[in-house]
Amino acid sequence: MNPQAPVRAADDAWLTAVYYRFHAWSGGRPFWAGLFTLIGGVPIAYFPYADLRLGNVTIAMATTAGSGSLIIGVLLITLGLALWFQQGIRVFAGVASILLALVSLPVSNLGGFFLGFLFALIGGALALAWVPGKPDGAEPAKAEQFTEGPLGVPGPRDTETAYATDTTAHADGGRNSAG
């Protein structure tokens, strides 16, 4: 690219807009957890069905548990995509991806030759560690305000709940007669 070439703002604006939209989209969800989990599912599902050709010799890495490997890989890919689009299931998806990564060790060629295992394990840990951020300008929740008593000690409340009557357990200071 020539540094002296003229750059039009219209040509550069769409790339900047795409970058900022992607950054805003990925900032409100466990993006990296989903990406690691998704990448972890690919080698787990792929290696049991792959063939390696060295000249005229074909080496098949197929195992007897090929269907188990495919199921684990597809589930990890699905969990990775679900982390991107359904942030509410992050705890379930994190625990499930860690368990699937551990199950992939004996089932699918040592978890995709440890590559898929490590990616899925890191993705599950990131999903469990992620928490949604607070929006800008949000104030922390304040405790209920009591009337001040002597020496700044909070005074007693009138009733425990707003609906306390003589027939509820909250009546008479929380004491209840049993007969």
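This is a predicted model: local features need pLDDT of at least 70, side-chain atom pairs count only at pLDDT 80 or more; totals for chains, interfaces and linings use all residues.
Local features need pLDDT of at least 70 and side-chain atom pairs count only at pLDDT 80 or more, while totals for chains, interfaces and linings use all residues. Residues are numbered from 1 along each chain as its sequence is written, and side-chain values use heavy atoms, with hydrogens and water left out.

**Aromatic pairs**

Rings of Phe, Tyr and Trp (its six-membered ring) pair if their centres lie within 6.5 Å; planes under 30 degrees apart count as stacked, over 60 as edge-to-face and the rest as tilted. The model has 12 aromatic pairs by this rule. The table gives two of them.

| Pair | Centre distance | Plane angle | Class |
|---|---|---|---|
| Phe36 and Phe119 | 5.5 Å | 35 degrees | tilted |
| Phe114 and Phe117 | 6.5 Å | 75 degrees | edge-to-face |

Because its planes stand at 35 degrees, the pair of Phe36 and Phe119 is tilted. It links distant parts of the chain, 83 residues apart: Phe36 lies in helix H2 (residues 31–46) and Phe119 in helix H6 (residues 115–129). Helices (H or I, at least four residues) and strands (E, at least two) are DSSP runs, numbered from the N terminus.

Buried means under 20% relative accessible area, exposed over 50%, and partly exposed in between (1.4 Å probe, protein chains only). Phe36 is partly exposed at 24%, and Phe119 is partly exposed at 26%. In the other pair, Phe114 is partly exposed at 43%, whereas Phe117 is buried at 11%.

One aromatic cluster is formed by Phe22, Trp25, Phe31, Trp32, Trp84 and Phe85.

**The largest pocket**

A pocket is an open set of points on a 1 Å grid over the protein atoms alone, where a 1.4 Å probe fits, with protein on both sides within 12 Å along at least five of seven lines; lining residues have an atom within 4 Å of a point. The largest pocket has a volume of about 160 Å³, a volume being the space filled by probe spheres set on the points, which are joined across faces, edges and corners. Its lining includes Phe22, Phe31 and Trp32, which also belong to the aromatic cluster. Helix H1 (9–27) and H2 each give two or more residues to this lining, and H1 gives the most, with 4 residues.

**The hairpin**

Strands S1 (residues 51–54) and S2 (residues 57–60) pair in the antiparallel sense over 4 bridges; pairing needs at least two bridges found by DSSP. Asp51 stands opposite Ala60 in S2. The hairpin has 2 residues between the strands, and Gly55 takes a positive phi near 70 degrees.
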